[in-house]
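Please read these points with the model open beside you.

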Amino acid sequence: MNLDKLLEYQAEDHNLRKIEEEIKLSEEYKKYAQANRFMGGAQEKLDLLDRRANELKALLEEVNRRDEEITSEIAEYNGLEDMIKEGGDASYYEKTVRALSDRLRALKTELSKLTGEIKAAAEEYKKFREQTIAMQKQRKEYKEKYEEIRATRSAEVDKIKKNLEAIAKNVPEEILQKYASKSKERIFPIFVPLTNGCCVCGMDFSLAQQSKLSGGNVIECEHCHRFVYKK
């Protein structure tokens, strides 16, 4: 295995990563990423607010229905004196009216609380809609600015990618596939030197393992999964 080519490949990849990191540190990318994250969950949040609004609307309709029902029942006792004169049970009527009045007061309290919740929900929905519109504009504006920055570095990126393609021709396909897999896992650097019989993660390598590193060979560390080589 050509160890020099492996290290050359990693050095070029490092240069590519450096450019990408520099771009991501730009204010344009941060603003674009912020808006993107917000918009990623915006529709779900709006749907949630819509569902809550519908729930509150249904509750309000039910409370109003009960209010009308109790008010109607109380109205039936408007002629209470006449009903008593006609032989009605006064204590029963009075008890019934008090019970209905108590239910009506409790319902009015519930209605007041519900009205407050509806108002708060409406304000939250309005505020979030305004945020969503603002973030849509921000995403569009800063996506263009972010792409402009990327464009200014495109020549460098293209050159590095061509170098990587050229070097890759001298690197075993199996190693390249593992390298790509480890890159996705955010492991870097991937090729590291054996130092005092250990990998950079501190994992000890036995003498038998170290002997396998001769001739430019590499061994995958069982702990951090980097490729270890001997200088």
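**Notes on the model**

1. Start with the second largest pocket. Its lining is R17, E20, E21, K24, S183, R186 and F188. A pocket here is an open set of points on a 1 Å grid over the protein atoms alone, with protein on both sides within 12 Å along at least five of seven lines; lining residues have an atom within 4 Å of a point. Helix α1 gives the largest share of this lining, 4 residues. By class, the lining has 5 charged, 1 polar and 1 nonpolar residues. Asp, Glu, Lys and Arg count as charged; Ala, Val, Leu, Ile, Met, Phe, Trp, Tyr, Cys and Pro count as nonpolar; the others, Gly among them, are polar. The space inside is about 210 Å³. A volume is the space filled by probe spheres set on the grid points, which are joined across faces, edges and corners.

2. A word on the source. This is a predicted model: local features need pLDDT of at least 70, side-chain atom pairs count only at pLDDT 80 or more, and totals for chains, interfaces and linings use all residues. Residues are numbered from 1 along each chain as its sequence is written, and side-chain values use heavy atoms, leaving out hydrogens and water.

3. Now the largest pocket. Its volume is about 280 Å³. It has 13 lining residues, and Y9, D13, L16, K161 and L164 are the closest to its centre. Helices α1 (3-24), α5 (154-168) and α6 (173-184) each supply at least two residues of the lining. Helices (H or I, at least four residues) and strands (E, at least two) are DSSP runs, numbered from the N terminus. The lining holds 6 nonpolar, 1 polar and 6 charged residues.

4. How many cavities of 30 Å³ or more does a search of the whole structure find? The count is 1. A cavity is a set of grid points where a 1.4 Å probe fits but cannot get out. The largest cavity holds about 30 Å³ of space. Among the residues that line it are M203, F205, I219 and C221. Its lining has 4 nonpolar, 1 polar and 3 charged residues.

5. Turn to the rings. There are 6 aromatic pairs in the structure. Rings of Phe, Tyr and Trp (its six-membered ring) pair if their centres lie within 6.5 Å; planes under 30 degrees apart are stacked, over 60 edge-to-face, and the rest tilted. The F191 and F227 ring centres are 5.4 Å apart and their planes are at 20 degrees, so this pair is stacked. F191 lies in strand β1 (residues 191-193) and F227 in strand β3 (residues 227-229), so the pair ties together parts that are 36 residues apart in sequence. Both F191 and F227 are buried. Ring pairs also link Y9, Y179, F191 and F227 into a cluster.

6. Look for charges over rings. The test is NZ of Lys or CZ of Arg within 6 Å of the ring centre and within 35 degrees of the ring normal. The charged end of K182 sits over the F227 ring, 5.2 Å from its centre. The charged end of K145 sits over the Y142 ring, 4.7 Å from its centre.

7. Is T132 buried or exposed? T132 counts as buried because its relative accessibility is 5%. Buried means under 20% relative accessible area, exposed over 50%, and partly exposed in between (1.4 Å probe, protein chains only). T132 belongs to helix α4 (residues 90-152). Setting aside neighbours within four places in sequence, T132 is in contact (heavy atoms within 4.5 Å) with F38, M39, A42 and L46.

8. Finish with G215. G215 is in the loop between α7 (207-211) and β2 (219-220). Its relative accessibility is 68%, so G215 counts as exposed.
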